[in-house]
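This report describes a two-chain structure, shown below. It takes up the contact between the chains, then selected sites within them.

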Amino acid sequence: MAALAGGLAYVAHRFGSVLHYRWDWGSLGGALLHWSVAHHAWRAGLLLEGLEATLRLALWSSVLTFLLGFGFALCRISRSLYWRLLGGLYVGFVRNMPLLVFLFLFYFFLSSQILPLLGLDRLGHGAGPAARFWLGLLFGPPRELSAFVTGVFCLALFEGAYVAEILRAGLQAVPRGQWEAALGLGLGRRETLWRVILPQALRASLPALAGQVILLIKASSVASLISIPELTYMANEVSSSNDHVFETWTAAAALYFVVCFGAASLFARWERARGTALAAGPRA
Amino acid sequence: MSGRGGESAPDPTAPAIAFERVSKWFGAHAALRGVSLAVAPGERVVVCGPSGSGKSTLIRCVNRLEAHDEGRILVEGIEVDDDPRRVRAIRREVGMVFQSFNLFPHLSVLENCILAPMRVRGMARAEAEELAMSYLARVRIPEQAEKLPHALSGGQQQRVAIARALCMRPRIMLFDEPTSALDPEMIKEVLDVIGELAETGMTMVCVTHEMGFARRLADRMVFMDAGEIVEAGPPERLFRAPEAPRLRDFLAQILRD
């Protein structure tokens, strides 16, 4: 505690006397919210716009991460050698590469070649205003859609390898007797997996999965490097235009903290709800 | 023998279970060596023997929880083999109770019982619940229906496991050391339930170390050692006049007190 207090005091001292840094939180005002004369309303500033993009990115890549992770976890526990090899290859390939390198590879090779074929830029052209509003809220502005989709797929493919390993461990931790009891009752393998094994595996994996979601939210900051205007990208913009580096990045850190802490609390609450459901009823 | 390999409809006139020179290896270890045994419909067979003698493997081959390597196994005339359709047809008619209960811990007692009737037999929920409650009443724990398994004692859990198997209305029940994981004071409640079941005329094969129970319940006792059936016959005869030296040794050890 003393060391921590001493360290903090030293940092404060450096700010005050050595750097002669003049804190000016007022400089951030416009980057969070600003009054739009044209619209006669409060509008989100760059940082909040960035936060919105980060949430979109985190949401869709989490969904895709779980689908991929679940699919590859099933590959890894498959009885067929082919699927096991495929799952092993994916996990081995992705986990042994830095996220940033993976992102660039993915961005320059795959998305510049494959995405134009899908015609994403034309999506929503024929949509009405209501549909356009929802598309914008869920997926961001249409002209940024191609980069957004790249970012989502890249993050999901990357994090999916870790989730695959978490779920594989969870699935394999369920005792063999559970399979035997369900199969012995005449249930098929798929029903056994879905109704008996997976619920138990998920419960055991929940804490690790929560950690992985938080890592994913934070990892989404690398998407700024392929020009997705998410929180880190916007903070970079703001700090270079207002010259208040410390305030801007402190604000960005606070926003990330709120999002991650919120996600962690949601998971903790979910875990508690399932935990208390299990603890119900006295032992006879 | 009526069973051709391709058949998947049960034949009630065939033996309930027929083992024909069945062998099974775990690596280099032979768990079963050419075992032949026919269980008649309605017969109650108790399998005993020292641990590692292959008795659990024997009954686990009946519903294909283990795959045998040689010989044939026929359940009501249906051959047990790699065909998943036939395996499922057999599993629908053969109930199994395990040493370690294996209740589904995330489902309530009632949900444990209705899962298979609904998913495998296509029963409606209300009908399945009614069926489950009647069997839970029969094993004398209807009041625990809403609880999760871990809130129950071992004896209660095993009685739920029996009810769960019965909810599929099997014609054959397999018991794999059903009382071996129980505290002594709970063994009787489980044996009583199995004993009542035996009086209904259901075909039963039970692996157990409870010799008194075997003597009361079994039509036939099978003694296994080192993957072979050493001696089989009415339990009274096996207890009174065991012929094989290995059975005499086994009984001497088990009944020494």
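## Interface between the chains

Chain A gives 26 residues to the contact, and chain B gives 26 residues. This is a predicted model. About 2200 Å² is buried between chain A and chain B, with 57% of that area coming from carbon and sulfur atoms.

Two salt bridges are counted between chain A and chain B. A:E191 pairs with B:R88 in a salt bridge whose closest N and O atoms are 3.6 Å apart. Five residue pairs, both residues at pLDDT 80 or more, are in polar contact across the interface of chain A and chain B. On the side of chain A that touches chain B, the elements that give two or more residues are α8 (176-184), α9 and α11 (245-279) of chain A. Of these, α8(A) gives the most, with eight residues. By class, this side of chain A has 13 nonpolar, seven polar and six charged residues.

## Helix α3 of chain B

Helix α3 (residues 109-119) of chain B is largely enclosed by the rest of the structure, because nine of its 11 residues are buried. The buried residues of α3(B) are B:V109, B:L110, B:N112, B:C113, B:I114, B:L115, B:A116, B:P117 and B:M118. The cover over these buried residues includes elements of both chains: α9 (189-219) of chain A, and α4 (125-138) and α5 (154-166) of chain B.

The loop between β6 (94-97) and α3 of chain B holds B:F101, and B:N102 is found in that loop as well. Most residues other than glycine have a negative phi. B:F101 is not a glycine, yet has a positive phi of about 65°. B:N102, also not a glycine, has a positive phi of about 55°. Both side chains' residues count as buried: B:F101 has a relative accessibility of 12%, and B:N102 has one of 9%.

## Salt bridges

Over all chains, the structure holds 26 salt bridges. In chain A, A:R176 and A:E180 meet through their side chains in a salt bridge of 3.2 Å, N to O. These two residues are four apart in helix α8 of chain A, so about one helical turn separates them. A:E180 is buried at a relative accessible area of 10%, whereas A:R176 is exposed at 58% relative accessibility.

In chain B, the closest N and O atoms of the salt bridge between B:R44 and B:D219 are 3.0 Å apart. This pair links distant parts of the chain, 175 residues apart: B:R44 is in strand β3, and B:D219 is in the loop between α7 (211-217) and β9 (220-225) of chain B. Both are partly exposed, B:R44 with a relative accessible area of 21% and B:D219 at 33% relative accessibility. Another salt bridge joins B:D192 to B:K188, with the closest N and O atoms 2.8 Å apart. Both residues lie in helix α6 (residues 184-198) of chain B, four residues and about one turn of the helix apart. B:D192 is partly exposed at 29% relative accessibility, while B:K188 is exposed, with a relative accessible area of 57%. Salt bridges with shared partners join A:R176, A:E180, B:R60 and B:E66 into one network.

## Buried serines

B:S53 sits in the loop between β3 (44-48) and α1 (55-62) of chain B. B:S53 is buried, with 0% relative accessibility. A polar atom of the side chain of B:S53 lies 2.7 Å from the backbone oxygen of B:P50. Leaving out residues up to four places away in sequence, B:S53 touches B:A31, B:M224, B:D225, B:A226, B:G227 and B:E228.

In chain A, A:S61 is in helix α3 (residues 46-77). A:S61 is also buried, at 0% relative accessibility. With residues up to four places away in sequence left out, A:S61 touches A:V152, A:L155, A:A156 and A:L216.

## Cysteines

The structure holds zero disulfides over all chains. For A:C154, the nearest cysteine sulfur is that of A:C260, 18 Å away. A:C154 is buried, with a relative accessible area of 0%. B:C48 is likewise in no disulfide, and the nearest cysteine sulfur, that of B:C206, is 10 Å away. B:C48 counts as buried at 0% relative accessibility.

Methods
Residues numbered from 1 in each chain as written. Chains lettered and ligands numbered in written order. Predicted model: local features only at pLDDT ≥ 70, side-chain atom pairs only at ≥ 80, totals over all residues. Heavy atoms only, no water. Buried < 20%, exposed > 50% of the residue type's maximum accessible area, 1.4 Å probe, protein only. Contact = heavy atoms within 4.5 Å. Buried area = accessible area lost by both parts, 1.4 Å probe. Salt bridge = Lys/Arg side-chain N within 4 Å of Asp/Glu carboxyl O. Polar contact = N/O pair within 3.5 Å; in protein donor to acceptor, adjacent residues only side chain to side chain. Nonpolar A, V, L, I, M, F, W, Y, C, P; charged D, E, K, R; others polar. Disulfide = S-S within 2.5 Å.
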